[in-house]
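This briefing covers a single protein chain and is arranged by topic.

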Amino acid sequence: MTRQFNTVGIVGLGTMGAGIAEVLARTGITVVAVDVDEAGLARGRGHLDHSTDRAVAGGKLSTAERDATLGRISYATSLDALAGVDLVVEAVPERIELKAAVFAELDRICGPDTVFASNTSSLSITEIGVHTGRPGKVVGLHFFNPAPVLKLVEVIRTVVTEPDVVTDVVAFAEGLGKTPVVIGDRAGFIANALLFGYLNHAVRMYESRYATREDLDAAMRYGCGYPMGPLAVLDLIGLDTAYEILDTMYHQSRNRLHAPAPLLKQMITAGLLGRKSGRGFYTYDGPDSPVVVPDVLTPVTSAEGDAAREVQRVGVIGTGTMATGIVEVFAKRGYDVVLRARSEDKAAAAVGKVRKSLEKAVSRGKLAAEDRDAALARVTPVVDFADLADCDLVVEAVAEELSIKKAVFQALDEVCKPGAVLATTTSSLPVIECAAATARPGDVVGLHFFNPAQVMKLVEVVETISTSADVVATARRVCLNLGKVPVHCGDRAGFIVNALLFPYLNDAVKMLEAHYASADDIDNAMKVGCSLPMGPFELLDVVGLDVSLAIERTLYLEFREAGFAPAPLLEHLVKAGRLGRKTGKGFRDYAA
């Protein structure tokens, strides 16, 4: 039988402490909440009232249940009130000296069997525990914000934590309706160790003016299906909290990717802490508000469409999945499309793929039969490059090999009319290399569609140092006409999405390689704790481990960042032919 924790103390009634208190009280547990003074208790009560009122309004709690929940919580300004509790959860600010002092005092006050847990998101549980006479009864119990909503709880054991204590705390977390994962004591644990490197990288991108805050956030939302963009997430977490977590991680890992971006410190000094202060990367309509309001950095709608070139006839080169998806997208939106293939058989097969996709849309009720027929009628299959001569825009979607792409652009340069926009869909190769293969580099732009192009909203518009302003404007207008979300960035490896996504995936592989956590626990932590649509290993198996390795190598060669070097485990799996779902074996085995 596991031990029951019937009365639980909470130390610190900030956003997290109040959220944890609510979770406990809603499941019938008696809670003793302690904060430093009456003002702190009042703020905590405010958090609880607001959260439970919202739960009532949303139909998740009845008025009687809310009253019963709040009735289970008592309040005090002295730790002495915790003398009789079974478990204490500490949720004070992320400062080791403060937490150490709290635990030392709790050790004096509480009975010898009381279990101590810290909600720290990054500090060492071992270092906290040594300030007590019971380090074997000290664990990490890391809830995620908002605690009443998010299911993940990281249970952190140290080298001296008693096994029975871990078992009891895991059962306790499960009794709260949470999903616990048990891990060792290292900075960031699972979720934050993976999340904050990614967030920090996004800040560095913004700091270098590589992309706007809106485009960075839109790229990850529409390109990866993330619920929030990285800068919006930082505003939600709090920039000061994020800085402390990154700084702690850096001092333990000495990984430069964890060193807080200088912009974070500057913003904190200026009082721009995120939602809680009403301003961070975005401006909000008041402190603690989620409502973003326009500010001086908000993009204004310009008359760039006036400068854009006219596009009516579009050429698409290639017969693969991406090429046929792009053909379908343009044809459905009323553009005349010339599909160029290397042979008549390949051209016919490519049109067949477009037809099959359109027919599937009709069968699902997403497209009318007459619209299918009209779209197909706009597609002209060709074999000769010369047939692209009258196209206003040509999109290259051939294999990701630079020599092949350069040969295509040389051919286009010879046949396309003056003023035609030439675009490449490359996801990782330098766009300027394609541009340099022509005598018209100003007309060349990157248009990185995401797969499947018919479904995914995002298009990265990649501008080289040679791309003309009206070509960028043309690319943007075309994307908008297609119903896509264009984001703008410069011509460097990975653009926005892959440059942010693949270092995070690589970090997950390194975590698995170090035997810190299982693939299942890591995937669950990121899905449940961070609300991501897929865990890193699920995603790697879908993308293909060989494709992922190639992108990671490209990023490493471009930035020469030690942290970007592909994890040896990924290299070994690729060499062994375990490439993911397409081979039936990757990080997991799949049924035939």
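This is a predicted model: local features need pLDDT of at least 70, side-chain atom pairs count only at pLDDT 80 or more; totals for chains, interfaces and linings use all residues.

**Salt bridges**

E94 and K99 form a salt bridge through their side chains, with an N to O distance of 3.3 Å. Both E94 and K99 are buried.

*Other charged pairs*

- The salt bridge count for the model comes to 31.
- Side chains of opposite charge can pair when their charged atoms come close.
- E22 and R26 make a salt bridge through their side chains, at 2.8 Å from N to O.
- Both residues of that pair sit in helix α1 (residues 15-26), and because E22 and R26 are 4 residues apart there, about one helical turn separates them.
- E22 has a relative accessible area of 1%, so E22 is classed as buried.
- R26 has a relative accessibility of 32%, so R26 is classed as partly exposed.
- A salt bridge also joins the side chains of K276 and D240, again given as N to O, at 2.8 Å.
- This pair connects distant parts of the chain, 36 residues apart: K276 belongs to the loop between α11 (262-269) and β9 (283-284), while D240 belongs to helix α10 (residues 239-253).
- K276 is partly exposed at a relative accessible area of 35%, and D240 is partly exposed at 25%.
- Salt bridges also link D53, R66 and D67 into a network.

*Sheet and packed helices*

- An open sheet is built from 8 strands with mixed pairing, and their order is β13-β12-β11-β14-β15-β16-β17-β18.
- The edges of this sheet are β13 (379-382) and β18 (485-490), each of which pairs on one side only.
- From one strand to the next, the twist averages 25°.
- Helix α14 (residues 344-363) packs on the sheet, where α14 touches β12 (336-340) and β13. The direction of α14 makes about 155° with that of β13.
- Strands β16 (residues 444-449) and β17 (residues 458-463) run antiparallel and are joined by 4 bridges.
- Within β17, V462 is the residue that stands opposite G446.

- Rolling a probe the size of a water molecule over the atoms shows where empty space is left.
- The model has 1 cavity of 30 Å³ or more.
- The volume of the largest cavity is about 100 Å³.
- Its lining residues are L194, G197, Y198, N200, H201, R204, L257, H258, P503, Y504, D507 and F564.

Conventions:
Residues are numbered from 1 along each chain as its sequence is written. Side-chain values use heavy atoms; hydrogens and water are left out. Two strands pair if DSSP finds at least two bridges between them. Helices (H or I, at least four residues) and strands (E, at least two) are DSSP runs, numbered from the N terminus. Axes are lines fitted to C-alpha atoms, for helices over the stretch in contact, and angles run from 0 to 180 degrees between N-to-C directions. Contact means heavy atoms within 4.5 Å. A salt bridge is a side-chain nitrogen of Lys or Arg within 4 Å of a carboxyl oxygen of Asp or Glu. Buried means under 20% relative accessible area, exposed over 50%, partly exposed in between (1.4 Å probe, protein chains only). On a 1 Å grid over the protein atoms alone, a cavity is a set of points where a 1.4 Å probe fits but cannot get out, and a pocket is an open set with protein on both sides within 12 Å along at least five of seven lines; lining residues have an atom within 4 Å of a point. Grid points are joined across faces, edges and corners, and a volume is the space filled by probe spheres set on the points.
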